[in-house]
Amino acid sequence: QVLGILAVVAVLCAFTRSSYAFESRDTSDEERGIIGGRNAPIISYPFALMLLVDGSAICTASVIGEFYALTAAHCLVQDTVTFQNSQISFFGGSSIRGSEGTIFNATYYVIHGEYNTTTIDNDVAVVRVTTSFFTNPAIKPIALQDGEPAASSSCYAVGWGFLTIPPNFIKTQTLQVASYTLETAQNCENLYGATITAQMYCARYESGRVYKGDSGGALVCGDRLHGIASFVPYIDTYGIHDKPEVFTKVPSHSIRRFIRLHTGI
């Protein structure tokens, strides 16, 4: 029995849909980066990966084991459909795009069986690569959080998303990091209502904030992976909201069980 989780496995991995970090496959070569963040040297964030589909950057991911990466389910699903004719790969080991890093091809990925494309609940996916991430000595895994952290924990998020909001997009060539503080569950529910589930965190930006292309990236508190960048409220063409971002809650029972089941981690 798979503990109630129906895994969707694709041997040839697919492309992306994002609740906020990528809207559909982009062929314009416009990479994405954190808005108002700061450059993130890979020596300080050795787990950070750029997720590519057929060579185009679409999301962010994290190394959690020798052959395993973690990202958001919506990066690999579009309108409930997984695409099996594209090559998923990762760029890691460098914080500068195309410089000194390594490309790792995926063999398959697994989407959480209870991922909901409407509510974005259980927004997590595990990806296995063909070659050990550790062949590049600059890459190291991030430990996973198992217990519930205290609210107001000081955290950070990393990603490869937009540096600016529309209409003047600026591409990022460098991994970015932003500072966050976890909100209490009550504050999160007060702001979002029934939108928030037991598998979600709210985190308030302090400096910099995730945006398009940062989906799947890590929210790290106390050197452990607590969250996965999932979605934000509606952002119009020329403005940006002031609500906290929403991250998949890694230590929640449903998410942690899924990761352990498919990676042994």
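Colleague: Which residue does Cys188 join in a disulfide?
Modeller: Cys188 joins Cys202, with 1.8 Å from S to S. A disulfide here is a pair of cysteine sulfur atoms within 2.5 Å. Keep in mind that this is a predicted model, where local features need pLDDT of at least 70, side-chain atom pairs count only at pLDDT 80 or more, and totals for chains, interfaces and linings use all residues. Residues are numbered from 1 along each chain as its sequence is written, and side-chain values use heavy atoms, with hydrogens and water left out.

Colleague: Are Cys188 and Cys202 buried or exposed?
Modeller: Both Cys188 and Cys202 are buried. Buried means under 20% relative accessible area, exposed over 50%, and partly exposed in between, using a 1.4 Å probe and protein chains only.

Colleague: How many disulfides are there by this rule?
Modeller: The count is three. Another one joins Cys59 to Cys75, at 2.1 Å from S to S. Cys59 lies in strand E4 and Cys75 in the loop between E5 and strand E6 (88-92), 16 residues apart.

Colleague: Why is the Cys59 and Cys75 disulfide left-handed?
Modeller: Because the torsion about the S-S bond of Cys59 and Cys75 is about -90°.

Colleague: And what does Cys155 pair with?
Modeller: Cys155 is joined to Cys221, with S to S at 2.0 Å. Their link is right-handed, with 100° about the S-S bond.

Colleague: New topic. Which strands does E5 pair with?
Modeller: E5 pairs with strand E4 (residues 56-63) in the antiparallel sense over two bridges. E5 also pairs with strand E8 (residues 125-129), again antiparallel, over four bridges. Two strands pair if DSSP finds at least two bridges between them.

Colleague: What connects E4 to E5?
Modeller: A hairpin does, through four residues.

Colleague: Which E5 residues are on each side?
Modeller: In E5 (residues 68-71), Tyr68 and Leu70 are on one side, Ala69 and Thr71 on the other, and all are buried. In a regular strand, side chains alternate between the two faces of the sheet.
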